[in-house]
Amino acid sequence: MMTSKMWVTMGPQHPFSHGLWTLKVKIDGEVITDAIPIIGYLHRGWEKECENRTYPQIIPMADRLCYSASMTWSHVYVMAVEEALGIEVPERAQYLRVVADEICRIQSHLMWLAAMGTDLGNLTVFLWSLREREMFLDLFVKLCGQRLTTNYPRIGGVRNDMPYLFERDCMRVVDLFEKRLWDIIALMDDSAIFLSRMQGVGRISRKEAANMGLTGPGMRGCGVNFDVRRDDPYEVYDLLDFEVPVHKDGDAYARYAVRIEEMFQSCEIIRQAMAQMPDGPVRIKVPRNVPAGSHFARIEDPRGEALMHLISDGTDKPYRLKVRSPIFVNVSGAKRMVLGTRMADVPAIMGTIDMCLGETDR
Amino acid sequence: MAGDDFYEAPTVEQVIQLIGDRFGGDVTVRGSKERRVFLSAGRERIYELCEYIHDVLNFEQASSLSGVDWETHMQMVYHLSNYYNGVMIEIEVDIPNDDLRVDSVTPIWEGANWHERETYELFGIVFDNHPQLERLLTPCDYEFFPFRKSYKLRRAE
Amino acid sequence: MSFSDWVNISDPLANPNSPYGVTENIPYSVGSGLWEIIGGILAWIINMIVPGNRLSPWLISDAVTNALGLVLMVVVFFAVIFIVNLTMIWIERKVLGRIMDRRATRIGPLGYLQCLADGLKTFLKEHIMPDKADKKGYMWAVSIVIGSAVLIAGMIPLSPRWFLADYGTGLLIVFGIFAVSPFMILVAGWAQNNKYSLIGGMRAAAQMISYEIPMLLVFVSVVLMAGSLNINDIVQFQMDNTWFIIPQFIGFVVFMVAAVAEAERIPFDLPEAEAELVEGWQTEYGGMKWGLIMLSDYFRGYVACALGVIMFLGGWALPFMDELVIPEIVFLLKVILLFFIMVWARGTFGRIRTDQILNIGWKVLLPLAVLNLFIVVLLKMGGVF
Amino acid sequence: MDMSLYPHAIAMSAAEYMSWSSAMIDGLLSSGMKRTVDKVTGPIWAWAMKNSIHPLHFGLACCALEMAAASNTKYDAERLGMIYRSSPRQTDVLIINGWISKKVRPDIRRLYEQMPSPKWVVAMGECAISGGPWYDSYNIVQGTDQIVPVDIYIPGCPVKPDAMIDGFLLLQKKIEKYFARGVFMED
Amino acid sequence: MAIKYMDKYPKNVALRGWILKPFLTTFKNMIKTTIHRPVTIMYPYEKEWIPDNYRGRPGLVFEKCVGCGICERMCPTTCIELVEVEDEALGKVKRPQVNVGRCMMCGYCAEYCPVEAMTVTPDYELAGYTREDLIYDPYQLKWENTTIGMEVHLEEHLPSNLAKGVTDKPTAFYEVDRPKLIGEKCISCNRCAKTCPVDAIEMIVVGENAKGKPIKHPKIDDSKCVFCEQCIVICPKDALEINEVL
């Protein structure tokens, strides 16, 4: 039968795109035969702007790089600067950073879970996971004073010590969350409809994933056993005991399962870090000028491997700051992931990538 | 590459040893740290070097490619990583200002594709053999290269 | 002449011209009674201004009372269904809110007036028609979608004394008109000149046509068991014997699944799938047209639930307490119960895929419907009913 | 039914109808009837409009997450009748919740044009108000009001969901004022 | 650590009734929220508790402020501007004015304020009808009931102190860093003394030049100085430079 194919432009204002990007798909009936991702709608020249700001001023800017994982981005920025300065952060600050990172990871994954729920047509998952997310945002409010843009790490430590009773709040939230997450899992994993939507959809092989540069849960869903936290440890992650979940299938369900398991592991990391946390100072004074040189730091963002490459020239402003965003690379493989699937699968596949366009377009 | 051994997860020492053996004077080792190797290479052999790193040393992933404008010359910085022991290689390649060309590594790592497109539109460095060298982030009617140091933002004026 | 000479409330059923002379019909009684009051007052006032005119006696003549009584009857009937529909929208919002652990709507007492505000707002919005749209198709599709939805809603009796027309073909004509709207959705999707709505329209047509067939097979088995197409007879048969949900449980399940699909609700709301097709076939409809489409969605939901109640849950009857309860209320409560199950499913499930929906329709529901028909035939042959 | 009983049912030609309706409108306007009707119906329309605000489901940046959070269980914007619709044809409010780059500028203008009036625009967050942190960028429009008229500005970086709801309460006041001048029989 | 979720799922949904478990889960939650109150906060009528250190718009304690301009210098979005205002008690003074329509609420102004005049406030309901509404002059910036939590302190430890083992003496750069004079560059212009907002600079005669006029060099009172760098910026011959203590 002869069928004519048509181009459908999904975006920039489209409910499936969490953020602002466009996926042009060529469909034959419902099956996708070609796809072109278009990004850049949020491009603001972040790296260029940083060349005109002093080092501390960039920390809140780094928060706005990826709005749902702001903590990790400012963290990787200060790590790059500390690498260039060659200073060691106080141990308590390292633990605090780890705790804040993991809270950030959980709330980012919950935001993803919510978006995934709406992509698959269920509003209950959206609201339940946002309800759990509020608990972690409340922790952020107590710790840093803002819900999303934390502005918490500082060059040479963190902004402030834990507030009064923060440890107790943290433990309570983590315990409650672990209990409540099973409700959402019952809604997603025990439902034949969700499983049939996720299993076998958007399959990526390990080789393709490596070649595309996929990182994060997308990569671990393809059977790559690698995690920057464990294999290239920074801060105090080498003192903590946690598992890196790996799934062999490489489909949407695998990425989903990896993220859910990561949330459980993050809870465990928060518990251990809180238990092991030593007393001491949380912030040291650093010089305002950074010696010239080229340094980089990488970190495990909730979405993948975040890398910042800093070139300093001895002044109080960076000469060049390059951001390696995980989603920028992951989304470049969007074409390969959606080819041959149906139109209804596009939200399911793109949902498991966990788009965040702020860091992609920079 | 035929005739070479395959190293699944080479250590820092192995990386320096092997690259030194193979490329000799073309590639200089600027230094090394725990799990980090810093190299600089000439732009003639960068494709060959990257292919060797990918095929033999098994660095499956190109983490990041960034351009730097040093005003006197441009520079490409490659960050390559593997999936096994967290070793990363940083390669610096100098490009003269009057001939902004370098070989594309997209045929080796597909993940480098968009990084190169981005560098092209922001710095104006042209990548040979790139499959689709077009503007990616900025609107298609931009004529300038915003990340060059010669382009000043309002605050810097 | 005094006021009482003009307004004389008679027994409308005693009127020889009345179409409902034989049976009791509350909406008609209310309608013609209303006209006797309103028309009487009008006639009295006109007569006071212009004494001895010919208009006043005409207004309260038998024929005019009949005609306008019929119009008012429709208004009364429609008002009741409309309020039921508003209640259903309210129930949906409230139940979803409770499932999702939030407050949901709060406008008006208990949030009941939210849908009224939504409806009034759509009146205010600008009328937009896309430039490249097919004008006739664009407008007619909405009219027919809402028209057919209201028409079938009016064809469902709430009780033997609360109906618009008692007709022998009964359920058959309801199902016939129920199946009209997929075609109009296809037309609407095509006429908007938008790719999303076109895909949505195609999906709607494919999905609804494939779900008509199991639905009709279930319908056939019900009719076969009751031995009549007339809705009253079907309900009466259930009152005499047993509710059809007991012998035909498979049929009930098949019918409910198909009804959810017909009403385009989650998990079968592919034509409006928000995640990939913005708003599906309604993408380019705005303002009042969109308000009417939303209303027709709920009317179709009401019809689907009402059909389920009539065919399986014994209509307006409750066992052992026929005399004690008001049948209209019983019927509406049962409808709302079925609707609650639909809302519950909406709060629980996601959306399924196009190929899966067709697979379920053809490979699961159709064999089950045939099995159900087979059981009915066996029961009928065995003389159980 | 005996049709002879009825007056000539509805036998007005289109031309007749047009002249009749325009005469009616003129009569209404000249007699002051319109003002009276507006006085009665204005509050009703205002009540309906302000209690049924349908914002466009359009997320730009950080504040989009807080926009989503405003409809979550803790803040629940549906209490105020806010339901997000994805098609601009069915929406009343365009929330600009992030920075506007030069690439997305025509799209935002287009979305605004696609919405049926009466419509409102809310600039949410610093980036939408004035460019915010990206005030010196080469690719950012310095404020939403340079491309579409803005009714409410909600500062915050990002805007707390409470603050967003607070901004919408302010918008409701503006809507009331808008309908006080009357909409009966206006295009 | 053990894997908690992944070895249990996916279960065989056919054995578990395909859709029954989620049905029951939602029903359970519906009953729970019908009996108890849902978690919703009815916002205009009730508000959630937020801690003192919540970063809403900046606030100003007018009396404490010395107009040093550190906030203006640290602001990443340059939304703070020092304006001259007429005050009854103090006369003509310089105080910060904040464009809340551009402020990104990072809290740097409060963190780096040497006299704890700038604070963060829990005031987040800032919506307005125009952009002019959002420019807060120093009087609008005032915030009653400033608590200690709002005055975010900058607490840094000097690395030299840490090396000595002193961990209980946090300090801040404006307490230890001071401008340093390079004597031969100074031309006795007196600008630094005029511009100093806290009057920490005093011009002291250190000798006479060839023409018999006195050579004055600035002497900085360390206890008063807040290291606002205004003297460094204004010095025409770069005779003052930053002396960082680490």
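Which residues form a nonpolar patch on the surface, and about how much accessible area do they have together?

Reply: The model is predicted, so local features need pLDDT of at least 70 and side-chain atom pairs pLDDT 80 or more, while totals for chains, interfaces and linings use all residues. Residues are numbered from 1 along each chain as its sequence is written, chains are lettered from A and ligands numbered from 1 in the order written, and side-chain values use heavy atoms, without hydrogens and water.

The patch consists of V30(C), L34(C), I37(C), I38(C), I41(C), L42(C), I45(C), M48(C), I49(C) and V50(C), which together have about 800 Å² of accessible area (Shrake-Rupley, 1.4 Å probe, only the protein chains shown counting as cover for residues). Members of such a patch have over 30% relative accessible area and no salt bridge, nonpolar side chains (Val, Leu, Ile, Met, Phe, Trp, Tyr) being joined within 5 Å and like charges within 9 Å; a salt bridge is a side-chain nitrogen of Lys or Arg within 4 Å of a carboxyl oxygen of Asp or Glu.

With a relative accessible area of 31%, I41(C) is partly exposed, that is, between buried (under 20%) and exposed (over 50%).

Elsewhere, the structure holds 88 salt bridges over all chains. One of them pairs R147(A) with E134(A) at 3.1 Å, N to O, and both of these residues are buried.

Technical notes
Buried means under 20% relative accessible area, exposed over 50%, partly exposed in between (1.4 Å probe, protein chains only).
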